[in-house]
Amino acid sequence: MIKAIKLLAFCVLATSCSTGNHADFEKNTATAKKYFELHQAENPDEMFELLHSEIEWHMPVYGSEMADSNGLKNAILDYQKAFDNMNFTADYWLPGVDPETGQLDGSTRTYGTWTANHVESGKSVKLTAYHAFSFVDGKISGGGDWFDFGGMMNSLVEETADSGETE
């Protein structure tokens with residue numbers, strides 16, 4: 001009987017340790033996906049409702065500091081003004097971990113590709129990206145965007161017809 005109890009306890013413990021993702025992973029991933037859907041639809045007001053008031057965001061621009069809520073909101077508005085037909089296609093969504101413990105923490109991250117049309121130049125972009133999202137009380141509280149912002153912007157610079165030089 002004691003062997004059966006020990007075996008049962010071991011099985012319960014082993015199952016609980018290997019059940020997979022953090023309990024909030026699916027809910028938080030749905031929030032991150034909604035954030036992208038609203039960005040693609042150029043609906044900033046609803047996007048901003050998903051952001052925690054004390055958010056800290058890693059911007060993809062060389063040398064930039066962590067952005068607060070206003071900095072991120074301004075960047076979102078700039079993207080939505082500069083690009084039409086924005087679309088993010090995720091390769092996959094992965095659970096995130098606490099950087100101090102290495103344990104699953106309900107955060108989510110994704111690798112994928114953005115496509116869009118640059119309004120001013122008329123050029124199309126195709127940009128691979130990595131995005132990470134952490135959460136507090138169901139709202140996006142941190143994370144960031146990692147992609148080649150400078151390369152993307154350089155690709156949009158118009159070439160002059162006469163000299164072949166960039167403006």
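Which residues line the largest pocket? The lining is made of Gly 96, Val 97, Pro 99, Asp 105, Ser 107, Thr 108, Arg 109, Tyr 130, Ala 132, Phe 133, Ser 134 and Gly 143. The elements that give two or more residues to this lining are β2 (83-97), β3 (104-118) and β4 (124-136). The space in the largest pocket comes to about 170 Å³, and its lining residues divide by class into five nonpolar, five polar and two charged.

This is a predicted model, in which local features need pLDDT of at least 70 and side-chain atom pairs count only at pLDDT 80 or more, while totals for chains, interfaces and linings use all residues. Residues are numbered from 1 along each chain as its sequence is written, and side-chain values use heavy atoms, with hydrogens and water left out.

**Terms for empty space**

Rolling a probe the size of a water molecule over the atoms shows where empty space is left. On a 1 Å grid over the protein atoms alone, a cavity is a set of points where a 1.4 Å probe fits but cannot get out, whereas a pocket is an open set with protein on both sides within 12 Å along at least five of seven lines; lining residues have an atom within 4 Å of a point. Grid points are joined across faces, edges and corners, and a volume is the space filled by probe spheres set on the points. For the classes, Ala, Val, Leu, Ile, Met, Phe, Trp, Tyr, Cys and Pro count as nonpolar, Asp, Glu, Lys and Arg as charged, and the others, Gly among them, as polar.

**The cavity**

The whole structure holds one cavity of 30 Å³ or more, and the volume of the largest cavity is about 270 Å³. Of the 20 residues that line the largest cavity, His 39, Tyr 79, Trp 114, His 131 and Phe 147 lie nearest its centre. Two or more lining residues come from each of α2, α4 (69-82), β2, β3 and β4. By class, the lining of the largest cavity has 16 nonpolar residues, three polar and one charged.

**The chain and its helices**

The chain has five helices and five strands, where helices (H or I, at least four residues) and strands (E, at least two) are DSSP runs numbered from the N terminus. In order from the N terminus, the elements run α-α-α-β-α-β-β-β-β-α. Of the 167 residues, 34% count as buried, a word that stands for under 20% relative accessible area, with exposed meaning over 50% and partly exposed in between (1.4 Å probe, protein chains only).

Helix α2 (residues 25-40) has 16 residues and reaches 22 Å from its first C-alpha to its last, close to the 22 Å expected at 1.5 Å a residue, the expected span being 1.5 Å times one less than the number of residues. Among the buried residues of α2 are Phe 25, Tyr 35, Phe 36 and His 39. Tyr 35 and Phe 36 also belong to one aromatic cluster, together with Trp 57, Phe 88, Trp 93, Trp 114 and Phe 133. The whole structure has 15 aromatic pairs, in which rings of Phe, Tyr and Trp (its six-membered ring) pair if their centres lie within 6.5 Å; planes under 30 degrees apart count as stacked, over 60 as edge-to-face and the rest as tilted.

**How the strands pair**

Two strands pair if DSSP finds at least two bridges between them.

| Strands | Bridges | Direction |
|---|---|---|
| β2 and β3 | eleven | antiparallel |
| β4 and β5 | seven | antiparallel |
| β1 and β5 | four | parallel |

Trp 93 has Thr 110 in β3 as its bridge partner, His 131 stands opposite Asp 145 in β5, and Glu 56 is partnered by Gly 142 in β5. The hairpin of β2 and β3 has six residues between its strands, and Gly 102 in the turn has a positive phi of about 75°.

Most residues other than glycine have a negative phi, and most peptide bonds are trans. Asn 85, which lies in strand β2, has a positive phi near 55°, and this residue is exposed, with a relative accessible area of 55%. Asp 137, in the loop between β4 and β5 (139-146), has a positive phi of about 55° and counts as exposed at 75% relative accessibility. The hairpin of β4 and β5, to which Asp 137 belongs, has two residues between the strands.
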